[in-house]
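Dear colleague,

I am passing on the structure below, together with notes on what turned up when I went through it. Please read the notes with the coordinates open beside you.

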Amino acid sequence: MSTGTYQELTSLRIAEYAVGMPCFICAGGNSSDAELCRHCHAPIAIAHQANVQKLRPQMIAVIGPAASGKTVFLGMLLDLLSRQLGDLQLLARGAFSISLQQSVMASLARCEFPTKTPNEPDRWNWVHAQVSWQLRKRLELIVPDMSGEALLQEINHPNSCPVVRSYLKKCAGAIVLVDAARLDCGDKEPDFFAMKLLSFFCELHAKKGTDRIRPPLSLVFTKADQCELAFTNPREFAAKQSPGLWQTCQQRLSKFEFFASGVAGACGYSFSRSGKQVLPLRVEPRGVVEPFDWLVKQLK
Amino acid sequence: MAFRTYLTIPNILAATGLGSAIVAGSSGHWALSGSWLSVGLGALALRSRDVRPAANVPSPQVQRISRKHLGDELAARLSADDEVDGLVAQMLCEGRFALLLRPELASTLRQEHLALAAEMLDETMSLVPAGDVCMNSRWLEQDNESAATGRAIMEIEPFFLDRCAVSNAEFARFVEAGGYAQTELWEAAIWPALMQFVDQTGQPAPRFWSGGTYAEGLADHPVVGVSWYEAKAYARWIGKRLPDDAQWVKAGAWPVATSDGAPQQRRYPWGEIFDHSLANVWGCRENRTVPVDEYEQGASVGGIQQLVGNVWEWTNSEWGCWEPPSKRIETIVPMKALRGGAFDTYFENQCACQFQSGDDPLARRHNIGFRCALDWPQTQPLARNQEDT
């Protein structure tokens with residue numbers, strides 16, 4: 001009996017291996033029982049869900065330099081939308097989609113920011129969710145919490161982190177985060193990095209005969225609680241404090257809008273063995289849903 | 001809205017369990033209840049109906065005066081011809097009754113004036129009795145910090161605290177009276193910054209006002225967009241002060257002494273469990289401020305409203321003052337302590353009585369307001385007035 005069962009399972013497994021499971025992000029071949037894509041490290045669960053539920057999810061990227069607040073923005077956005085307080089509602093698909101929200105909320109409730117997202121793509125949190133609004137309109141979305149350093153690495157050294165390129169190429173839109181607090185202090189680094197990101201994104205989506213790319217982009221000044229001008233008038237703030245980004249948007253994008261967001265009301269610093277750590281003194285999200293709301297309504 | 005009077009001895013004793021302590025007469029509690037009793041008796045003496053001239057005693061129904069028109073109603077009882085009456089009436093209309101209670105001024109006033117000031121005190125402020133309050137470090141719960149380093153027990157003298165946060169209408173009186181131009185109300189160090197304390201149109205006023213006044217329909221909403229210095233100047237103008245951090249917690253957590261020494265305190269003014277129907281925090285309403293007298297059911301034991309939610313409240317203390325030195329959190333500028341959470345506070349634990357936040361004293365945020373406190377000794381002229389009567 002046991003011998004017979006063993007042979008049956010083995011044959012089933014061989015049959016399963018014969019039918020490859022293409023990764024939803026990079027389309028690379030994988031065995032059906034793989035957890036992560038062996039080419040780009042994206043979760044194969046996304047491909048399984050798409051197959052089983054006959055869905056073709058769209059992809060949205062949340063990109064920005066390291067420490068621009070991508071993880072907090074995304075985690076807070078998921079938590080806000082899952083409460084369905086406004087027009088938009090978000091429903092996570094798959095247990096893995098809740099991990100990011102869970103870890104970010106746990107950190108913020110303790111008045112800490114989440115730990116830095118690892119550079120290795122196999123350790124990123126991915127979110128697959130259904131977004132609905134106005135009762136009938138629905139959209140399947142995939143959003144990973146990408147590391148800012150991995151992004152920069154791929155921009156500077158192409159194919160060093162292939163998942164970044166594969167993912168951004170497939171994106172229907174993006175939310176670009178820029179550190180408003182640093183810009184307000186006269187630091188030009190966030191401006192340069194945002195220009196780099198936009199150029200990279202435009203390069204991936206370039207079409208013959210036009211300079212402007214079609215995917216809509218929300219440009220979000222994060223940590224705006226520390227510089228109120230960004231909240232008052234994000235466009236004016238962009239033109240004044242981030243002229244490079246402002247010009248790039250005018251010249252290369254066909255659909256874009258500036259926003260400002262903040263999660264911490266005020267921040268402090270603690271010094272430990274691991275160095276300087278920024279701590280939120282309270283959590284009061286502002287302007288987190290608006291950029292996403294605008295973006296998903298631009299998607300067809 | 002009509003205010004209930006909470007300053008009766010039975011109320012205070014019942015709320016704190018001291019009634020049974022007095023009956024039992026245990027030595028440990030006698031000392032405490034002795035001071036409480038004196039506070040309670042003083043409070044009783046302050047009750048307006050006890051000091052009001054017999055001819056003017058209104059029915060209980062008449063006593064329920066709207067907070068908005070309280071000063072006007074009280075001032076209307078005074079003669080318009082008498083110069084002192086006129087001055088007292090003006091002070092009452094502006095809500096500056098606390099100045100009338102100062103010994104140097106009180107000695108020149110008639111009993112009738114003091115009675116009106118006492119009535120206003122009784123209607124607008126709550127007595128917070130003397131006693132110990134436990135102040136916790138933010139690390140106490142999450143890092144299992146030992147109680148020895150993560151907790152301080154502070155002894156608080158009795159004081160009065162505003163039942164409601166200062167509203168736009170109340171702050172407007174300060175603006176109209178030229179409060180921003182009266183340098184004696186402001187610390188000398190802040191004079192250079194006074195020119196920056198302007199509204200959307202450049203008038204001296206809270207940040208989100210326009211043309212020196214608040215937006216229509218927001219008269220009863222808490223004033224926001226005021227720095228710590230503006231809050232302090234207002235408090236000085238009105239004859240009060242900002243509460244200390246420990247005093248604020250004492251008013252909200254309403255500690256009760258226990259046999260092991262550490263007082264037993266409430267997590268929220270109404271109890272241990274957060275209830276979204278009792279406070280205006282994130283997700284409760286439309287993510288904006290509400291009138292200062294709403295959420296009456298969420299009041300503290302002492303009858304102080306909206307200690308939790310609606311707006312953060314400036315206190316007179318430094319932020320981080322309860323943290324152990326080894327775990328101090330640095331800030332770019334020394335911050336002042338905030339308490340209570342606001343309409344956009346996301347986590348329930350961050351609007352608990354023990355949670356302290358902070359901000360730059362020059363910050364003029366959309367969700368920070370304040371309320372004022374009054375020292376118990378400042379009300380002594382009322383007690384003397386009662387004795388004379």
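Just after helix α7 of chain B, G95(B) takes a positive phi of about 75°, where helices (H or I, at least four residues) and strands (E, at least two) are DSSP runs numbered from the N terminus. Before going further, please keep in mind that this is a predicted model, in which local features need pLDDT of at least 70 and side-chain atom pairs count only at pLDDT 80 or more, while totals for chains, interfaces and linings use all residues. Residues are numbered from 1 along each chain as its sequence is written, chains are lettered from A and ligands numbered from 1 in the order in which they are written, and side-chain values use heavy atoms, with hydrogens and water left out.

To stay with α7(B), which covers residues 83–93, its buried residues are D85(B), V88(B), A89(B), M91(B) and L92(B); buried here means under 20% relative accessible area, exposed means over 50%, and partly exposed lies in between, with a 1.4 Å probe and protein chains only. These residues lie on the same side of α7(B), because they cover an arc of only 160° around the axis, the arc being that of the directions from the helix axis to the C-beta atoms. Among the elements that cover them are α6 (70–75), α8 (97–100) and α10 (111–124) of chain B, with contact taken as heavy atoms within 4.5 Å.

Chain B also holds an open sheet of 4 strands in the order β7-β6-β5-β8, with mixed pairing, where two strands pair if DSSP finds at least two bridges between them. At its edges are β7 (356–359) and β8 (368–369) of chain B, each of which pairs on one side only. Inside the sheet, β5 (residues 312–318) and β6 (residues 336–339) of chain B pair in the antiparallel sense over 3 bridges, and W314(B) stands opposite L338(B) in β6(B). Helix α14 (residues 228–238) of chain B lies across β5 and β6 of chain B and runs at about 85° to β5(B); for such angles, axes are lines fitted to C-alpha atoms, for helices over the stretch in contact, and the values run from 0 to 180 degrees between N-to-C directions.

Turning to chain A, there are 12 helices and 11 strands. Its radius of gyration is 20 Å, close to the 19 Å that the globule rule gives for 300 residues, so chain A is as compact as a globular protein of that length; the radius is taken over C-alpha atoms, and the rule is 2.2 Å times the number of residues to the power 0.38. The C-alpha trace of chain A spans about 75 × 50 × 45 Å along its principal axes, and buried residues make up 54% of the 300 residues. Of the contacts in chain A with a separation of 6 or more, 69% are accounted for by residues 24 or more positions apart.

An open sheet of 7 strands in chain A has the order β2-β3-β4-β1-β5-β6-β7, again with mixed pairing. Because β2 (89–92) and β7 (256–260) of chain A stand at the edges with a single partner strand each, one side of each is left without a neighbour in the sheet. Neighbouring strands of this sheet are turned by 25° against each other on average, direction ignored. Strands β1 (residues 58–63) and β5 (residues 173–179) of chain A run parallel and are joined by 4 bridges, with I175(A) in β5(A) as the bridge partner of V62(A). Helix α6 (residues 162–170) of chain A packs on the sheet, touching β1, β3 (126–133) and β4 (137–144) of chain A, and its direction makes about 120° with that of β1(A).

Elsewhere in chain A, β9 (residues 267–272) and β10 (residues 275–280) pair in the antiparallel sense over 6 bridges, and a hairpin joins β9(A) to β10(A) through 2 residues.
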